Amino acid sequence: MFLPDAMSSLVAPFENIPHVYDLCTQEGNGQEECAMMQEEEWEVLKSIYPDVCVSNDAGPSGRTIKLEIPVELSPAQNVTIVPPQLNTHHQQSASHQSHTHVACPTTTNPLTALPPFLLALILPPEYPLHTPPRITALASTHTWFPSSKIRDLHALLAGMWTSDSQGILYSWVEFLHSGDVLDSLNLSSSTRKNQSASTITIVNQSPSTLLPLLESHDARAQDATFAETSYPCAICLSPYKGRHCVRLACAHVFCRSCLSDFWGSCIAEGDIGRVGCPDPACVKAGHEAGEDDVVRVVQEEEVRRWKWLRTKRALERDPGMIHCPVMFCQTPVPSPKLSEEEDGSGWERLRTCPTCESSFCALCRRTWHGPISECPIRVTDTFVQEYLALSEGDVRRAEIERRWGRANVRRLVEKHEDERKNREWMEKSTMGCPGCGVHVQKSVGCNHMTCAKCKQHFCYRCGERLPPTEPYKHFNTPGLGCFSKLFDYAPGEDEMEWQEIEFGDI
């Protein structure tokens with residue numbers, strides 16, 4: 001028939017033409033597979049490094065991806081920043097060296113993190129099966145990474161891609177994030193396997209400017225890691241995130257609520273010696289909290305009281321502290337810190353009030369008269385002693401009473417007698433602490449005393465200082481004056497009176 005023959009003649013010319021449609025279908029299916037692999041790789045990377053992935057935008061030439069990759073150093077390493085002039089000094093002869101000022105290299109404290117790399121790239125439609133990613137921008141925050149190494153790093157990243165790789169983004173991120181890039185480009189002085197005494201060397205135009213930027217970034221990185229880590233509180237035994245905790249200078253961590261209540265209670269009671277780390281090791285060592293820790297934990301009013309209590313305690317522990325003799329001032333004046341040459345020269349008696357700025361002698365409380373001149377006797381003490389030396393009814397006594405007034409003379413004499421009796425009682429009934437000079441009276445107990453003011457251990461009988469670790473050796477050593485005299489017994493004191501006890505009928 002005509003129709004089949006006509007159809008055969010139409011189909012025959014196309015039998016030897018290549019299957020263009022099948023090829024286009026395969027190419028389309030390949031791009032779809034690459035797109036699915038790109039999406040899967042991005043989702044995996046985002047789940048592992050959520051803070052690294054900045055953006056993933058579709059474009060006409062492929063996906064545009066931006067990554068912000070921080071560098072972690074484990075363990076912490078020192079970073080030495082060297083200016084370019086010193087880095088190339090081996091290439092210059094001594095006769096041709098410039099005499100201009102050259103910045104000196106600086107070294108940081110051990111750092112645990114470096115500012116992030118900023119990586120921008122395009123994923124072509126054929127990535128990852130046929131085409132590698134194309135890096136469009138590569139830099140570092142604060143430009144800490146040497147510019148001379150950027151090209152080498154670009155080539156190093158490009159060489160990591162192979163045609164049979166299922167994705168290279170994770171390998172790039174891990175390579176930069178772990179710090180392996182520093183060893184690959186010879187920026188670290190030791191291999192990652194041996195980190196002892198490892199130092200990272202960075203060439204930068206301005207070491208003094210880059211140094212605080214690196215240390216500031218490292219501090220922020222440590223704070224961010226601390227905030228997201230859980231810690232058990234040693235007080236309430238409950239786990240808390242770091243954002244709800246306080247890490248003290250000794251590195252011990254406590255929840256903010258417990259530590260604030262504990263320190264606030266100690267400050268309110270005046271027991272500032274306990275305002276410190278509650279960890280048993282720190283308590284045993286007697287470590288107290290510094291101002292930086294206290295300000296972070298307690299309220300402003302409690303901080304002011306804590307400072308006032310510390311000043312008060314320091315003045316009380318100072319054996320040379322005296323009050324300003326100016327009547328309207330009376331400010332506590334601490335003893336001066338003198339060198340060995342000045343000690344004993346007379347200058348130790350000089351005091352200068354920090355409030356009214358008056359200078360006076362610590363012994364006589366009069367205006368400063370120099371380190372050599374002896375302290376003058378007060379006029380009142382002179383005529384009181386003269387008055388008491390005269391017999392009752394002497395004409396010269398009446399003359400003194402007329403000159404100064406009988407009531408004033410009697411009042412000064414009474415004051416003089418009270419001071420004399422007080423001195424006699426103090427010498428007879430108390431013992432002065434050899435550490436701070438405070439007099440202590442013992443009512444009962446042993447002769448081993450501990451001063452409540454300066455915590456000095458001493459013997460109440462002879463006043464000798466005792467070692468805190470072996471205070472009783474002084475009383476147990478034969479030949480010493482206080483041997484076997486830890487307790488003083490009065491006659492009949494150890495005798496017990498016995499009384500008969502009548503029992504009732506059982």
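A residue counts as buried when its relative accessible area is under 20%. Keep that cut-off in mind as we walk through this model, which is a predicted one. Serine 178 has a relative accessible area of 17%, so this residue is buried. You'll find serine 178 in the loop between α5 (169-177) and α6 (180-184). What does its side chain meet there? A polar atom of the serine 178 side chain lies 2.7 Å from the backbone oxygen of glutamate 174. The side chain of serine 178 also makes a polar contact, at 3.1 Å, with the side chain of aspartate 180.

Now step back and take in the whole chain. It holds 15 helices and 18 strands. Out of its 506 residues, 31% are buried. If you look at contacts between residues at least 6 apart in sequence, 50% of them join residues that are at least 24 apart.

Next, the inside. In soluble globular proteins, nonpolar side chains tend to be buried together. Here, the largest nonpolar core has 41 residues, and the members that touch the most others are Leu67, Leu114, Trp144 and Leu153. Strand β2 (residues 62-82) is the biggest giver to this core, supplying seven residues. Let's pick out leucine 153: leaving aside residues up to four places away in sequence, leucine 153 touches Phe117, Leu138, Phe145, Phe175, Leu176, Val181 and Leu185. There's also a second, separate core, made of 21 residues, with Cys266, Ala289, Val298 and Leu309 among them.

Is glutamate 392 buried or exposed? The cut-off for exposed is over 50%. Glutamate 392 has 71% relative accessibility, so it counts as exposed. Its side chain still has a partner: it makes a polar contact with the side chain of arginine 397, at 2.9 Å.

Finally, follow the chain into a pair of helices. Two packed helices are described by the angle between their axes and the distance between the axes. For helix α13 (residues 395-404) and helix α14 (residues 406-429), the axes come within 6 Å and cross at roughly 105 degrees. Angles of 65 to 115 degrees count as roughly perpendicular, so that's how α13 stands to α14. On the α13 side, the contact is made by Ile400, Glu401 and Trp404, while α14 brings Arg406, Asn408, Val409 and Arg410.

Conventions
Residues numbered from 1 in each chain as written. Predicted model: local features only at pLDDT ≥ 70, side-chain atom pairs only at ≥ 80, totals over all residues. Heavy atoms only, no water. Helix = DSSP H or I, 4+ residues; strand = E, 2+ residues; numbered from the N terminus. Buried < 20%, exposed > 50% of the residue type's maximum accessible area, 1.4 Å probe, protein only. Polar contact = N/O pair within 3.5 Å; in protein donor to acceptor, adjacent residues only side chain to side chain. Axes fitted to C-alpha atoms, helices over the stretch in contact; angles between N-to-C directions. Parallel < 35°, antiparallel > 145°, perpendicular 65-115°, else oblique. Contact = heavy atoms within 4.5 Å. Core = buried A, V, L, I, M, F, W, Y, C linked by side-chain atoms within 4.5 Å.
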